[in-house]
Amino acid sequence: MIPVNRPAAVGNAFDWIDDINAQTLMLRRAQQEYVSNNPGKIRWNARNLPEPPAQYNAYVDPVTTRIVIEERKLGDHSAQVNELLDVKPIDWIQSFNASLQFSQAYVSPNWYQGGNRSLLALLNVVYNVKLNQKLHPKLLFETTVAYKLGINSAPDDTVRSYNMSEDLFQINSTFGYKAVRRWYYSANLQFKTQMFRSHQSNSDKLRAAFLSPGELNVGLGMTYEYTNKRKTFNFNASISPLSWQMRTCINNQIDETAYDIKPGRNVVNKIGSSAEYFMNWKVTYNIAYTSRMFLFTDYERFQGDWEHTIAFNINKYLSTQIYAHMRYDTTTPRVKESWHKFQFKEIFSLGFTYKFANT
């Protein structure tokens, strides 16, 4: 056999990279030590660096059709970024939320406990526009337009196969001028009515229709506005010692006296006081709780509405909602085997949702 000569040791092929890194580190340390020990020999540092040369922008003036040369301010970095990105301030913050929820139950005819099958569809659309208070800190303006429509099957109704469980078109608007801290001198407006006709069960008698009833409230007073830093909690409360309420009933088939309107008339005006609050709390990333209360009194009658909505977002397009509405009205006529002045409604549903916002 012929012996083969091999090197005594084989080095790493990347040792030269480690050598360069070690040399660079050694040079930096030497420079730092020299600067520390000889500060007088250093000509320039961050405090006395000369100003950079001026830079200019040239453009054609559309009015004089002449070339204009202006110096570019290098220190205004934010202006350069805004110019490059074309960033414009947003005066109005807008949001849109629409959901279509369903609730369904099926009971076979021979079910041992009895019962009826049912189907409920609930449409909820909310549009909100608000003045950006970071740009206008002394002004408060917010308007919300909402529409809620609920239709459910009515197997026990001999006249029609469905009825309206919810039909509410509502506008809430607040305008205020800052008084102190989070308080604003304010004017509040609320308008609500329903869009379609609704009838009593097993009857052709009309119960409600468009502007029958309709309600408009305008109040003057103070508003308190609070939003936390994380934008997960918003609270708005208004107190209006001077408030005007107008109720309408324009459909002749509906008894106007049920809405505190004198016989033969379509409108009633009341002067009194009102209070309102709105709260929106994002409990977690997929759970939101919304509450609204409105109170009005003309010192002869009292009316109050308190709404609650809990939304569970399963994903971007699916959600579950629990909606509860409590109402107290001293003019409500008595109904047999039911509460007199207190009314309550609750809806649980599952369905689709869509959201949009410009911020």
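Before I start, a note on terms: I call a residue buried under 20% relative accessible area, exposed over 50%, and partly exposed in between, using a 1.4 Å probe and protein chains only.

I am working on a predicted model, where local features need pLDDT of at least 70, side-chain atom pairs count only at pLDDT 80 or more, and totals for chains, interfaces and linings use all residues. Residues are numbered from 1 along each chain as its sequence is written, and side-chain values use heavy atoms, with hydrogens and water left out.

**Salt bridges.** I looked these up first, taking a side-chain nitrogen of Lys or Arg within 4 Å of a carboxyl oxygen of Asp or Glu. As background, side chains of opposite charge can pair when their charged atoms come close. My search gave 13 salt bridges in the structure.

I then picked out aspartate 329, which is buried at 4% relative accessibility. Which arginines does aspartate 329 meet in salt bridges? One is arginine 247, at 3.4 Å from N to O. That pair links distant parts of the chain, with aspartate 329 in strand β15 and arginine 247 in strand β11 (residues 233-248), 82 residues apart.

Arginine 301 comes out buried at 5% relative accessibility.

Lysine 270 lies in strand β12 (residues 267-284) and aspartate 260 in the loop between β11 and β12, so the pair ties together parts 10 residues apart in sequence. Buried or partly exposed, for lysine 270? Lysine 270 counts as buried at 18%, whereas aspartate 260 is partly exposed at 29%.

**Serine 274.** This one sits in strand β12 and is buried, with a relative accessible area of 11%. Its side chain has a polar contact of 3.1 Å with that of serine 243. By polar contact I mean N or O atoms within 3.5 Å; within protein, one must be able to donate a hydrogen and the other to accept it, and residues adjacent in sequence count only if both atoms are side-chain atoms.

**Rings.** I found 8 aromatic pairs in the whole structure. Rings of Phe, Tyr and Trp (its six-membered ring) pair if their centres lie within 6.5 Å. Trp183, Tyr224, Phe235 and Tyr277 make up one aromatic cluster. Separately, lysine 148 lies over the face of tyrosine 323, at 4.3 Å from the ring centre. The test there is NZ of Lys or CZ of Arg within 6 Å of the ring centre and within 35 degrees of the ring normal.

**Leucine 318.** My last entry is leucine 318, found in strand β15 (residues 318-329) and partly exposed at 31%.

How values were computed:
Helix = DSSP H or I, 4+ residues; strand = E, 2+ residues; numbered from the N terminus. Phe/Tyr/Trp six-rings, centres within 6.5 Å; stacked < 30°, edge-to-face > 60°.
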